[in-house]
Amino acid sequence: MQVVIAEDNVLLATGLKLLLNSVGFDTAAIAGDAAGFLTAVRDHRPDVAIVDVRLPPSFRDEGIRAALTARRQHPDLPVLVLSQYVELQYAAELLATTGGGVGYLLKDRVSRVDEFVDALRRVAAGGTAMDTEVIAQLLARRRDPIAVLTPREREVLALMAQGHDNTTIADRLVITDNGVHKHIGNIFTKLGLAVTDSGHRRVLAVLTYLNGAGGLPPSTDRVCDGGRRGH
């Protein structure tokens, strides 16, 4: 599985390359700026890209803007964004794009190797991987769209946003898969996501509390709606 990295910190970029190579990824290119990243994506067509939010020359938003540009140019490109801090606007904007998998993690998560690699694989497979701190801040900032949800339903929705399937959500919350399935059904109903929606309702539900209800684009989260365990 090929990966392109956009990271100007040489030590971090080298560390990422060594880590990824050790778990079966092939690092096709490392770019130190946005232009280099876009060129590398065009030349290598990687299976997934890892992008730092802030890149030269201004170290403001060049990285995330390059990621959004790459998604427009290559709609199926999975992108995992790394950031030193929670950038809520950029997290919401990235999730609102259509196409391949998306992820947003804080850089300190990279040191948790198993979690980081698992998140990268989920994104590469077309799913989502959101940092728990990002989810917490998004929930605190944008309460109106999810005010109708119970605390348990908000917990389920937060875990959905992190890309977890029903079984993992059940394990995390110590409830049955059927219980998770019922909570998810309630979330869809309360957020107005009908069974006939053509998009993948799990990501539409996440986008509802990021962007407000209505008019949201479909995404490609490939996790099914149903539960897999009985009571």
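**Close-up views of a predicted chain**

View 1. Arg122 lies in helix α5, which spans residues 113-124; helices (H or I, at least four residues) and strands (E, at least two) are DSSP runs, numbered from the N terminus. The model is predicted, so local features need pLDDT of at least 70 and side-chain atom pairs count only at pLDDT 80 or more, while totals for chains, interfaces and linings use all residues. Residues are numbered from 1 along each chain as its sequence is written, and side-chain values use heavy atoms, with hydrogens and water left out. Arg122 has a relative accessible area of 18% and is therefore buried (under 20% relative accessible area; exposed is over 50%, partly exposed in between; 1.4 Å probe, protein chains only). Apart from neighbours within four places in sequence, Arg122 is in contact (heavy atoms within 4.5 Å) with Gly127, Thr128, Ala129, Gln162, Gly163 and His164.

**View 2. Asp52 in strand β3.** Strand β3, residues 48-52, contains Asp52. An unreviewed UniProt entry annotates Asp52 as "modified residue: 4-aspartylphosphate"; such annotations may be inferred rather than shown by experiment. Asp52 is buried, because its relative accessible area is 6%. When residues up to four places away in sequence are not counted, Asp52 touches Ala6, Glu7, Asp8, Gly63, Ile64, Leu82 and Lys107.

**View 3. The chain that holds both residues.** The secondary structure consists of 10 helices and six strands. Of the 231 residues in the chain, 51% are buried. Among contacts between residues at least 6 apart in sequence, 65% join residues at least 24 apart.
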